[in-house]
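Biologist: I have the sequence and the model open. Please take me through how to read the contacts in it.

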Amino acid sequence: MRSFSLLLIPALILAVSFTILYPNFADRTLNLSVQPEVYNLDEETKQKVVSGFFERWEKDYNANGKWLIEPNTGLPSKETPIYKVKGRFITSAKINQISQENQKLILESKNKLEPTMIEELIRGGKSLSIKLGLDLQGGMRVVLKGDFEDYSAKLRDIYAKEISELKITISDVVKSAEDKKKATSRLEEIESNFELSPMRKLVELEKAKMIIDNRLTSQNLTEPQVRIQKEQDAIEVSLPGVTNSAAILEILQNTETVEYRIEEPNPFVFRSKIEESERRFMDLNQREETDIFKFQEIVKNKLGKKVQDSFLESLEKKYNIPPEYKIFAYWARGSAAKSALLPRSFSVLERKIALSGNDMTNAQPAFNSNSYGWMVSFTLTPNGAEKFFDLTSENRGRNLAIVWGDKVVSNPVINDPIAGGRAEISGSFTQEEAIRLANVISEGALPIPLSVLEMRFIGPTLGIESIEVGIRAVIIGFILVMLYMIIYYRLGGFVADISLLANVIILAALLSLMDFTLTLPGFAGLILTMGMAVDANVLIYERIREEIESGNALPIAVTAGFQNAFWTIMDANITTLIAGILMIRLGNGPIKGFAITLCWGIITTLFTSLFLSRLFVELLVNRVGVRHLNLRPFFFGKKAVSNV
């Protein structure tokens, strides 16, 4: 370690670190996308929206005048509806603030920070900027609890027909003992599926977590974080930068599935009972007494799925529907243009699910030129294609209902067996509904219903204040530590400060490269890292001072000081590292963020304290020719040893 050539190692590491961090302080271009609806507003409303934005721009967003915006007045052209903002330090917190405070003007989901040349070269255009957590840029945190009772009921629907057949076999006196034994064994196997142990619940939560991850990824959201809370049978979702919280919440909770169910056979005895009752009330001019009108009112008043399910169950009792069948509402649009999708009649379908969404894949929305409406075409899995062929072969002449969520959207008659592994769903779909249905098929439906257990919003202004406080704390702590080291250890303190600065740069570059999301606890981890880095230097310098005061030559004292302090530093840092790894493994949220910063800080501290500091001190003593190394504070007088 006595050659200047060894300086190439830290020089190279620092050069790479500066390169990685460059996008954080480079001139950037932000594209603020304009809502298409703004161009359709009347001139007075349009002027009000735009002038409000530019007033906030001058007073708040760009109060120091360091950013440029084009165009700087009015709206951009309709062909390129984008405001271009250029400047340094365009943080996600500031972008979030602009989006939230100008929702009538800015289309948040299409805002884009253009990549720098470094990001293009290193990450193929993916951001290298330090990402900010929920507490620093604002957003939404929601905890969704799994409804396993509803999940269990759904499972019973899937196996309903098989359970009924097995029970008939078991009670049939004609069946052999062996057949009854097999039926009993199969029934016990099916019943075991309904027992939701903690491990089984965790598996279903993991499936739901994966589907939520896929849904959020497709929404162009900033660093969504999805975690499972095992103790509460819940999923926690943190969404930094979210502005359209209502729409996102609907996406998260959407448990709609796509299923095929066979309708009761012709002549539709049970459906006819319901239709006859409806007709009687209509003949008496008492439409509000019909069941379909009552159900429509439940839907229009948004009383919720549980109320809808309860109403349909009451109809099953009212019309004596057998347990192997279930009542569903048939949803369609009225004849008027742009009429709402509402329940229009009732259908009685088999409780057994003939074909589920798990058998479908690669769904695409398409426009049906014959019906002038939208449909969804999809591919069946190999197993699904075989099941679909058997289903359509065995049920010729019967209606095959397509159920989306709890809505029957189509009810075609099976004329011939369908092979080939491709099918389509046509109904009264708008383009948005067809896209949504295609997404449900492609991404998969949530296996369990989710209800909101807790919801919290953090405004971007509070996040910006937190950033300022955090940065101020880091800078003040950094300066105080540097001053203390120089006052106490003089030249040695200056070397320690250089190592400390290198430590912070390398650590920040590492976290940025790892896509680490910085939170307030992360700031605390950075400050603690600085303290621990200085602590290592204190141990080294105290050892060197002991060697100097014992009369050893300066080069020998330096070498012995680093060697004697090595295992003390390693022991102290490794025990802290073990604790940090356990916090990462067992903790979540703020604890995990703090622990990740702390652990990587320990690794960079060991490098800068044991390698970089030693390299600098030995070069000063052996190459530069420093003959005196005073490691006592100014106020304790001078005690130095010559370099003999």
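Biologist: Which residues does Tyr541 touch, not counting residues up to four places away in sequence?

Modeller: Contact means heavy atoms within 4.5 Å. By that rule Tyr541 touches Met485, Tyr489, Gly492, Gly493, Val495, Ala496, Val617 and Leu631, with residues up to four places away in sequence left out. This is a predicted model, where local features need pLDDT of at least 70 and side-chain atom pairs count only at pLDDT 80 or more, while totals for chains, interfaces and linings use all residues. Residues are numbered from 1 along each chain as its sequence is written, and side-chain values use heavy atoms, without hydrogens and water.

Biologist: Which residues touch the most other members of the largest nonpolar core?

Modeller: A nonpolar core is a set of buried Ala, Val, Leu, Ile, Met, Phe, Trp, Tyr and Cys residues joined through side-chain atoms within 4.5 Å. Buried means under 20% relative accessible area, exposed over 50%, and partly exposed in between, with a 1.4 Å probe and protein chains only. The largest core here has 42 residues, and Ile540, Tyr541, Ile544, Val558, Ile569 and Val617 touch the most other members. At least two residues of this core come from each of helix 15 (460-489), helix 16 (491-513), helix 17 (520-549), helix 18 (554-586) and helix 19 (590-624). Helix 17 gives the largest share, eleven residues. Helices (H or I, at least four residues) and strands (E, at least two) are DSSP runs, numbered from the N terminus. A second, separate core of 27 residues includes Phe194, Leu196, Val226 and Leu446.

Biologist: How many aromatic pairs does the structure hold?

Modeller: Rings of Phe, Tyr and Trp (its six-membered ring) pair if their centres lie within 6.5 Å; planes under 30 degrees apart count as stacked, over 60 as edge-to-face and the rest as tilted. The structure holds 17 such pairs. For Tyr489 and Tyr541 the ring centres are 5.3 Å apart and the planes are at 50 degrees, so this pair is tilted. Because Tyr489 lies in helix 15 and Tyr541 in helix 17, the pair ties together parts that are 52 residues apart in sequence. Tyr489 and Tyr541 are both buried. Elsewhere, ring pairs link Phe53, Phe54, Trp57, Tyr61, Trp67 and Tyr83 into a cluster.

Biologist: Over which ring does the charged end of Lys201 sit?

Modeller: A charge sits over a ring if NZ of Lys or CZ of Arg is within 6 Å of the ring centre and within 35 degrees of the ring normal. The charged end of Lys201 sits over the ring of Phe148, 5.4 Å from its centre. In another case, the charged end of Lys407 is over the ring of Trp331, 5.0 Å from its centre.

Biologist: With which residue does Lys201 form a salt bridge?

Modeller: A salt bridge is a side-chain nitrogen of Lys or Arg within 4 Å of a carboxyl oxygen of Asp or Glu. A search of the whole structure finds 19 of them. Lys201 forms one with Asp233, with the closest N and O atoms 3.6 Å apart. Lys201 lies in helix 8 (residues 198-217) and Asp233 in the loop between strand 7 (225-229) and strand 8 (234-240), so the pair ties together parts that are 32 residues apart in sequence. Lys201 counts as partly exposed, at 22% relative accessibility.

Biologist: Are Glu259 and Arg261 buried or exposed?

Modeller: Both are buried. Glue between them is a salt bridge: the closest N and O atoms of Glu259 and Arg261 are 3.2 Å apart.
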